[in-house]
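Work through the exercises below with the sequence and the model side by side. Try each task before reading its solution.

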Amino acid sequence: MIRQSRIDNYRTESFLADINFALRKIVCLLKPTKEITHDPASGAMKIKTITTFKNFFMDFVIGQEFTEDLGPVDGRTCQTTVSWEGDKLLCVQRGEKQGRGWTHWLDGDKLHLVRTSQGDVLTISKRE
């Protein structure tokens, strides 16, 4: 389980990602906990992001496209594929905006996250 002390650059990222003003204000105050579980035999992975405001769950199989409902975040649905690129977990979201997704990787006891949209890096975070 990984705890985040604050959400780095979320104001900029959420503005660029079309997240409404009220939700942006709330999210900037959150200190989420992220839980990632993976079954290497089946490729099944679950990512839980837990906050006092709202929880988000992703349940998928590595390398298989699935429909991701991001309605609570920004009102959209997209086709998502998560795969391994070396030691990094790469997420590609296909929908109304091209080039959206994220990359996660571990470096020691820190979980790194880079979010992208339309080819631009929106935020870079490190969680311990």
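Predicted model: local features only at pLDDT ≥ 70, side-chain atom pairs only at ≥ 80, totals over all residues.

**Exercise 1. Find the ring that Lys88 lies over, and give the distance.**

Solution. Lys88 lies over the face of Trp105, at 4.3 Å from the ring centre. The rule behind this is that a charge sits over a ring if NZ of Lys or CZ of Arg is within 6 Å of the ring centre and within 35 degrees of the ring normal.

Residues are numbered from 1 along each chain as its sequence is written, and side-chain values use heavy atoms, with hydrogens and water left out.

**Exercise 2. State how many helices and strands the chain has, and in what pattern they follow.**

Solution. Step one is the rule: helices (H or I, at least four residues) and strands (E, at least two) are DSSP runs, numbered from the N terminus. Step two is the count, which gives three helices and ten strands. Step three is the order along the sequence: β-α-α-β-β-β-β-α-β-β-β-β-β.

**Exercise 3. Describe the partners of strand E8 and say why E8 is largely enclosed.**

Solution. Two strands pair if DSSP finds at least two bridges between them.

- Strand E7 (residues 88-94) runs antiparallel to E8, and five bridges join them. Gln93 has Arg100 in E8 as its bridge partner. The hairpin of E7 and E8 has five residues between the strands, and Gly99 there takes a positive phi near 70°.
- Strand E9 (residues 110-117) pairs with E8 over seven bridges, in the antiparallel sense. Here Trp102 stands opposite Arg115 in E9. The hairpin of E8 and E9 has two residues between the strands, and Gly108 takes a positive phi near 70°.

For the last step, buried means under 20% relative accessible area, exposed over 50%, and partly exposed in between (1.4 Å probe, protein chains only). Six of the eight residues of E8 are buried, so E8 is largely enclosed by the rest of the structure.

**Exercise 4. Decide whether Thr103 is buried or exposed, and list its contacts.**

Solution. Thr103 is placed in strand E8 (residues 100-107). Thr103 is buried because its relative accessible area is 17%. Contact means heavy atoms within 4.5 Å. With neighbours within four places in sequence left aside, Thr103 is in contact with Lys88, Leu89, Leu90, His112, Leu113 and Val114.

**Exercise 5. Classify the one aromatic pair of the structure.**

Solution. Rings of Phe, Tyr and Trp (its six-membered ring) pair if their centres lie within 6.5 Å; planes under 30 degrees apart count as stacked, over 60 as edge-to-face and the rest as tilted. The structure holds one aromatic pair. The ring centres of Phe60 and Phe66 are 5.5 Å apart and the planes are at 5°, so the pair is stacked. Phe60 counts as buried at 4% relative accessibility, and Phe66 is buried at 17%.
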